[in-house]
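Please read it with the coordinates open.

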Amino acid sequence: MGACIEAAGALASHGLRKPSARHLADTAARRCLAFAGRDADDVDVLINAGVYREDSMGEPALAALIQEDIGANLGQPPIGGHGTFSFDLANGACGVISAIRLETGLLRSGVIRLGAIVTSDVDPNLTRPPGAPFQPAGGAMLLRWDDGAAGFTDFGQETFPEYEDLFVSGLVWRGRHGIRPLRRTAGKNHMVIDMKPGYQTRLADCAEEAARRFLRQLGMDAGDIDLLVPAPAWPEFLDRVRVRLDIPGDRVAYTPEDLAGAHTTGPIAALQAAIKSGRLGESRNTLMLAAGAGITVALALYRQTPPGSRM
Amino acid sequence: VGVKLPSQRLTTSDLMSQTRHQTRIQLERLTGIHERRVAGPGETSFTLAVGAARDCLAHSRHQAADIEMLISTSITRSRGGSSQSFEPPLSLYIKNAIGAGQAANFDLSNACAGMLTGVFLLQDLVTRGEISCGMVVSGEYISHLSHNAAQQIRSLFSKQLASLTLGDAGAAVIVEQAPRGADGIDVIGFTTLAEHSRLCLAFPSNIGPGAQMYTKSRTLHRVAIEDMAPLVAEAISEAGIDLSDIDYLIPHQTSARAIRKGTAEFARRLGAKPKHVVVNVEEYGNTSSTTLFLALHKYLREQRLRKGDRVMLLALASGIEIGMAIFTVGSEADNYGRMH
């Protein structure tokens with residue numbers, strides 16, 4: 001018995017002149033629900049784990065707008081226990097795994113029957129700032145309880161505060177100087193993203209260290225992993241972490257090129273590749289690994305059968 | 001529960017004297033807010049959150065090393081140079097500052113319902129035994145919305161009027177497994193009425209650092225009263241009690257008038273009313289995601305809550321998010337402030 005992936009899909013913003021984080025997440029969520037043959041009203045909890053949006057809206061949670069857009073339990077207050085609860089979660093590139101952990105728990109305790117996670121990022125100023133290491137993309141996944149599968153069994157998160165300055169981002173106010181013409185704004189809050197040289201390499205080193213510790217605590221090692229679902233998909237990170245963990249290339253779910261620069265959508269994009277190739281269904285032990293600012297490394301173990309059960 | 005309040009106070013009359021246009025708005029009479037705390041030099045969302053987290057630990061039997069998960073739920077995320085920090089998440093800086101480096105962490109954004117949302121999630125993890133102790137923390141340096149609104153507001157009908165009610169505060173709460181047989185959280189739940197998601201929107205400002213918020217206050221309160229009443233009825237029914245069994249109802253603190261009107265309507269619709277309704281906006285204003293726990297802390301500190309009291313926390317936030325928790329106060333309340 002466990003929380004299992006019902007569907008997962010990601011999309012890049014090809015052809016969209018001005019990509020919108022909300023629209024990318026909406027589209028990904030609708031496609032995911034359609035693929036799974038689900039109605040939006042089936043979603044009990046909707047977590048948005050995206051970070052960068054075109055307007056940097058502070059409230060409400062973007063998840064509430066996405067819930068409205070996809071039409072999940074709109075109308076009367078949900079008397080009788082069934083409605084949709086939406087909120088945003090931010091943990092950079094690791095946000096999806098944090099959200100999976102929460103939804104797995106709510107599924108396990110029977111509070112919900114279907115959980116949705118959406119992601120999306122665009123540049124807040126609608127142009128890509130110099131140094132922004134990711135592309136506009138959106139993703140969605142559905143989690144449900146399955147009595148016949150183990151699903152997500154273990155989670156880990158480790159942070160390396162000594163490297164917290166290697167990747168930082170935030171809004172910074174820049175006032176306009178000189179005489180202020182009529183109707184012109186006094187200034188603007190600009191999104192500033194600063195990625196220091198060597199960040200990707202350090203990310204890989206931290207990911208390897210955290211993954212080894214996580215597996216050791218479970219009585220496993222990298223050789224027990226049939227499939228690695230990693231994010232980000234940058235070669236500087238992925239190649240290094242794969243080699244250092246000694247996981248052969250044929251045991252890695254490679255994100256398609258058009259999504260290789262995805263940020264918070266990265267884990268869903270890799271998951272989609274694993275599902276499409278059929279390897280997620282064949283793998284006994286799948287390790288989801290995400291690494292991002294902090295440096296933060298998040299890990300999740302996804303099993304077809306419970307540990308110790310007969311194959 | 002712990003809090004961190006800035007020492008600097010701003011009265012409503014002083015705030016209204018700073019408006020750029022002559023408004024004739026009698027804000028104190030309308031809202032009941034006499035003053036609010038505002039962040040001083042060097043104070044940010046981060047420092048308020050850290051101060052609250054430390055105060056929370058000082059009121060508990062836990063060390064920072066016991067915290068297995070830390071959730072930061074601030075709407076505002078100021079930390080030094082940038083007006084809003086995005087990555088790494090604020091929770092990372094907070095856990096490192098208090099010495100809880102081993103805790104899993106993430107930020108959660110659910111407007112003014114953020115802290116109760118965090119408690120809802122931790123309660124699930126703790127109840128199932130996945131963790132034994134977690135912390136929800138929020139530091140709100142949100143008074144810059146008031147300053148920005150003061151530059152533009154012209155009349156009572158401005159959509160930025162609600163921004164003038166805001167005050168700064170930090171709050172933190174530890175959720176832990178209650179000993180067998182002890183009192184705890186009876187009911188906790190949330191829902192999002194997303195068809196009303198655009199009634200209150202906040203964006204980065206283009207007139208000064210920070211943000212601006214636009215609220216259709218009257219519609220928001222009408223919808224809240226209409227839709228919240230049946231949800232409250234359902235929650236108290238699930239707890240197996242009546243509204244009159246609630247000793248203290250702590251609603252989201254927006255304005256004294258809105259709270260009075262809302263609770264009177266609940267009483268009319270549900271045929272009962274709680275014994276006490278907690279209102280503290282007169283001294284703190286609306287401190288956004290921290291209001292419920294700021295009020296809870298005040299009542300604990302003043303020894304007004306005693307073992308066995310039944311408390312209902314009622315969150316209302318942009319989204320529209322409606323959340324509630326009913327819990328019974330444990331024996332710790334009788335010694336609150338004397339535990340270290």
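1. B:Met135 has B:Ile174 in S8(B) as its bridge partner. The two strands concerned are S7 (residues 133–140) and S8 (residues 169–176), both of chain B, and they pair in the antiparallel sense over eight bridges. Note that this is a predicted model, and everything below should be read as such.

2. Strands S7(B) and S8(B) belong to an open sheet of 10 strands with mixed pairing. At the edges are strand S1 (2–12) of chain A and strand S1 (2–4) of chain B, each of which pairs on one side only. Direction ignored, neighbouring strands of the sheet are turned by 20 degrees against each other on average.

3. Over all chains, a search of the whole structure finds 10 aromatic pairs. One of them is A:Phe85 with B:Phe120: the ring centres are 5.7 Å apart and the planes stand at 80 degrees, so the pair is edge-to-face, given that planes over 60 degrees apart count as such. A:Phe85 lies in strand S3 (residues 85–90) of chain A and B:Phe120 in helix H5 (residues 114–127) of chain B, so this pair joins two chains. Both residues, A:Phe85 and B:Phe120, are buried. Together with A:Phe87 and B:Phe190, A:Phe85 and B:Phe120 form one aromatic cluster.

4. B:Tyr248 and B:Tyr299 make another edge-to-face aromatic pair, at 5.6 Å centre to centre with 75 degrees between the planes. This pair links distant parts of the chain: B:Tyr248 is in strand S12 (residues 248–251) of chain B and B:Tyr299 in helix H10 (residues 291–301) of chain B, 51 residues apart. Are these two tyrosines, B:Tyr248 and B:Tyr299, buried or exposed? Both are buried.

5. B:Tyr299 also has a charged neighbour: B:Arg304 lies over the face of its ring, at 4.2 Å from the ring centre.

Terms used: Residues numbered from 1 in each chain as written. Chains lettered and ligands numbered in written order. Predicted model: local features only at pLDDT ≥ 70, side-chain atom pairs only at ≥ 80, totals over all residues. Heavy atoms only, no water. Phe/Tyr/Trp six-rings, centres within 6.5 Å; stacked < 30°, edge-to-face > 60°. Helix = DSSP H or I, 4+ residues; strand = E, 2+ residues; numbered from the N terminus. Buried < 20%, exposed > 50% of the residue type's maximum accessible area, 1.4 Å probe, protein only. Lys NZ or Arg CZ within 6 Å of the ring centre and 35° of its normal. Pairing = 2+ DSSP bridges. Axes fitted to C-alpha atoms, helices over the stretch in contact; angles between N-to-C directions.
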